Amino acid sequence: MKVLILHQHFNHPVKGGAIRSYYLAKALIDKGFETVVITGHNEKIYKNEIIDGIEIHYLPVAYDNKFGFAARSFSFLKYNWAAIQMANKIQNINYCYAISVPLTIGLAAMWLKTFRKIPFLFEVGDLWPDAPIQLGFVENYFFKQFLFFLEKKTYRSARAVVALSPAIETMVKKKMGSPSMIHQIPNMADCEYYQSETKRTELEEKFKVKGKFVVSYIGAVGVANGLDYFLECANASRKAELPIQFVICGEGALRERLTKNAQQLGLSNLTFVDFQNRQGVKELLNVTDASFICYKNVPILETGSPNKFFDGLAAGKLIIVNFGGWIKDEIEEACCGIFVDPNHPTDFVKKISSFLSDPVRLKSYQAASRKLAEIKYSRKFLSQKFSSLFV
């Protein structure tokens, strides 16, 4: 059996970044399926390579988190057109697995279904168009209606829909009307790669956090991530003279502005670390005490399934969130994390102080994170669940 995966932002462990689609492709390979990926990259030429048995076609379609909405939209549509052309050269495809974001990947999947008779499964990682609409990127009424039409059309054309969170599953069910066609497979905690480890002295020195309680944010530095609040927490902690070192690791449209703001506030307790590959993230998590999952205070963002949450669980870290929804409920029920009020950074100071003064409580929450990763989100379990969809 041959499965074609369409994902514009495919990454692998050496490259770094979100590697869910790599895990999925590897799960298919391990099941004995021939797996082909069509993705994009920022180079100007087409490239083809095989990594861990996965045949990967890189299309010259530029994309950057710093792009504005128009540039992103153009990139998405360009990838769709190029992906269709590439897919036409690949024979004997049994299934297509189309991964959003963006929603427009559904256009390529529906084209393949119509003209190549290839059934497709559609993955919903973020609710589009709800997310860009609530974030203010889409304002035109008629364009909104077109996107909602495309969303429903894509869901109903798919052989099945894979939702990455309970909240996404619930909302997709309302729009589809066919609950039996929806499967929930969240992001994965790699419990083999990440471990609950004692801090290594050489890594504390590398990241300049020796003797500090470390709160790290690892991920995209974009509008949706709302990292102004993270800076406010750092500032409130500085004023309260807490021995905390905050770390932002990643790249994105707001990195430069946030760096300037931190300098203006005199945040010596905040460090910016460049984008890291998988090994670099593992090293940073080694010296991290608490992993902060931060989002702008927009309701639709509460439905997501952020990779950094699952990495934090696997590495056995206290989880901190500044948004409501299913993740807040999950960490509070498992006693592995805390919610801090997104409107009051002093709430962070109040709640983190108990962990600073009580190492036993911190260790208990960290152990609960690892346990949650193992029993509910392990890569091995979810990979098997995913590969079973292709029969």
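Student: Where is the place of E330?

Tutor: E330 sits in helix α12, which covers residues 326–334. Helices here are DSSP runs of H or I with at least four residues, strands are E runs of at least two, and both are numbered from the N terminus.

Student: What sort of model is this, and how are residues numbered?

Tutor: This is a predicted model, with residues numbered from 1 along each chain as its sequence is written. Local features need pLDDT of at least 70 and side-chain atom pairs count only at pLDDT 80 or more, while totals for chains, interfaces and linings use all residues; side-chain values use heavy atoms, without hydrogens and water.

Student: Is E330 buried or exposed?

Tutor: E330 counts as buried because its relative accessibility is 11%. Buried means under 20% relative accessible area, exposed means over 50%, and partly exposed lies in between (1.4 Å probe, protein chains only).

Student: Which residues is E330 in contact with?

Tutor: Leaving aside neighbours within four places in sequence, E330 is in contact with L372, K376 and Y377. Contact means heavy atoms within 4.5 Å. Of these, L372 and K376 fall in helix α14, residues 359–376.

Student: At what angle do α13 and α14 pack?

Tutor: The angle between α13 and α14 is about 105°, and their axes are 5 Å apart. Helix α13 is therefore roughly perpendicular to α14. Axes are lines fitted to C-alpha atoms, for helices over the stretch in contact, and angles between N-to-C directions run from 0 to 180 degrees. Under 35 degrees counts as roughly parallel, over 145 as roughly antiparallel, 65 to 115 as roughly perpendicular, and the rest as oblique.

Student: Which residues make the contact?

Tutor: From α13 come S354, F355 and S357, and from α14 come P359, R361, L362 and Y365. These divide into four nonpolar, two polar and one charged. In this division, Ala, Val, Leu, Ile, Met, Phe, Trp, Tyr, Cys and Pro are nonpolar, Asp, Glu, Lys and Arg are charged, and the others, Gly among them, are polar.

Student: And how do α8 and α13 pack?

Tutor: Helix α8 (residues 228–239) packs against α13 (residues 345–357) at an angle of about 60°, with the axes 8 Å apart. The two helices are therefore oblique to each other. In this pair, Y229, E232, C233, A236 and S237 of α8 meet P345, F348 and V349 of α13. The contact residues comprise six nonpolar, one polar and one charged.

Student: Moving on to α9: which residues are buried?

Tutor: In α9, residues 255–265, the buried residues are R255, L258 and A262. They line one face of the helix, because their directions, taken from the helix axis to the C-beta atoms, fall within an arc of 65°.

Student: What covers the buried residues of α9, and what is on the face turned away?

Tutor: The cover includes α8 and strand β11, 270–273. The face turned away from the buried side carries the exposed residues E256, Q263 and Q264. Just after α9, G266 takes a positive phi of about 70°.

Student: Where is a cis peptide bond found?

Tutor: One joins V101 and P102, and another joins W128 and P129; omega is about 10° in each. P102 is in the loop between β5 (95–100) and α3 (105–116). P129 is in the loop between β6 (120–124) and α4 (130–134).

Student: How many residues apart are F149 and P129?

Tutor: They are 20 residues apart in sequence and 9.9 Å apart in space, C-alpha to C-alpha. F149 lies in helix α5, residues 141–157, and counts as exposed at 54% relative accessibility.

Student: Last one: is L284 buried or exposed?

Tutor: L284 counts as buried, at 1% relative accessibility. The residue is in helix α10, residues 278–286. Beyond its neighbours within four places in sequence, L284 is in contact with F207, I218, V247 and C249. The C-alpha atoms of L284 and K206 are separated by 9.4 Å, although the two residues are 78 apart along the chain.
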